[in-house]
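Colleague: Hi, could you walk me through this one? I'd like to hear about the rings and the packing.

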Amino acid sequence: MQIFKYQQEFNKYFESHEIQKNIKTSIELFCESKLKRQNVFFIGNGGSNSICSHMMEDFAKIQKFKTFCFSHPALVTCYSNDYGYENAIAEWLKIYFEPNDILVAISSSGNSSNILNATKFASNLSNNIITLSGFDENNPLRTHG
């Protein structure tokens, strides 16, 4: 019975016109990016970072996208030590992120300062920012993508 309840909530969420529009826009963005050979960057913390790493691998392997993920432990600790954790990803993006590249930012809370700072930086170079967040639909990250 509990599974049925969750299925109803899931269906209600994805029947939203806004969600359908955003999914369609994201698919179109990826298709266009593939043709232009643009880079795709995935960022997240903890479990979201694991999702980012897996998405990076699949996008590269299956569809041959040029992909990047801020997940190597030495890279994360180096940038965090030198720039502060809240600035680490944005500083990394300053080296690699090019105009019109795609940034996929994943955060369950949508409140992580390092993710928010990275999306702010990326938005100066590209409008191609996709955010995936949950828990509270009014979280700050949602307004960055």
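Modeller: Happy to. A term to start with: rings of Phe, Tyr and Trp (its six-membered ring) count as a pair if their centres lie within 6.5 Å. Please keep in mind that this is a predicted model.

Colleague: Got it. Which residues do ring pairs link into a cluster?

Modeller: The cluster joined by ring pairs consists of F41, F68, F70, Y79, Y83, W92, Y96 and F97.

Colleague: And how many aromatic pairs does the count come to?

Modeller: By that rule the count is twelve aromatic pairs.

Colleague: How do you describe a pair of aromatic rings?

Modeller: By the distance of the centres and the angle of the planes.

Colleague: On to helix packing. At what angle do α4 and α5 pack?

Modeller: Helix α4 (residues 73-83) and helix α5 (residues 88-96) pack at about 105°, and their axes are 8 Å apart. That angle makes α4 roughly perpendicular to α5.

Colleague: Which residues make the contact?

Modeller: From α4 there are L75, Y79, S80 and Y83, and from α5 there are A88, E91, W92 and I95. By type, the residues of this contact are six nonpolar, one polar and one charged.

Colleague: New topic: backbone. What is phi of R37 near?

Modeller: Phi of R37 is near 60°, a positive value in a residue other than glycine. R37 lies in the loop between α2 (17-36) and β1, and R37 is partly exposed, with a relative accessible area of 49%.

Colleague: And what is phi of K64 near?

Modeller: Near 65°, again positive in a residue other than glycine. The loop between α3 and β2 (66-69) holds K64, which is exposed at 55% relative accessibility.

Colleague: Which ring does K34 lie over?

Modeller: K34 lies over the face of F65, at 5.7 Å from the ring centre.

Colleague: Let's move to N39. Where does N39 lie, and which residues is N39 in contact with, leaving aside neighbours within four places in sequence?

Modeller: N39 lies in strand β1 and is buried, with 11% relative accessible area. Leaving aside those neighbours, N39 is in contact with K66, F68, Y96, E98, D101 and I102.

Colleague: Last one: how far apart are the C-alpha atoms of I51 and I106?

Modeller: The C-alpha atoms of I51 and I106 are separated by 8.3 Å, with the two residues 55 residues apart along the chain. I51 lies in helix α3 and counts as partly exposed, at 43% relative accessibility.

Notes. Residues numbered from 1 in each chain as written. Predicted model: local features only at pLDDT ≥ 70, side-chain atom pairs only at ≥ 80, totals over all residues. Heavy atoms only, no water. Axes fitted to C-alpha atoms, helices over the stretch in contact; angles between N-to-C directions. Helix = DSSP H or I, 4+ residues; strand = E, 2+ residues; numbered from the N terminus. Parallel < 35°, antiparallel > 145°, perpendicular 65-115°, else oblique. Contact = heavy atoms within 4.5 Å. Nonpolar A, V, L, I, M, F, W, Y, C, P; charged D, E, K, R; others polar. Phe/Tyr/Trp six-rings, centres within 6.5 Å; stacked < 30°, edge-to-face > 60°. Lys NZ or Arg CZ within 6 Å of the ring centre and 35° of its normal. Buried < 20%, exposed > 50% of the residue type's maximum accessible area, 1.4 Å probe, protein only.
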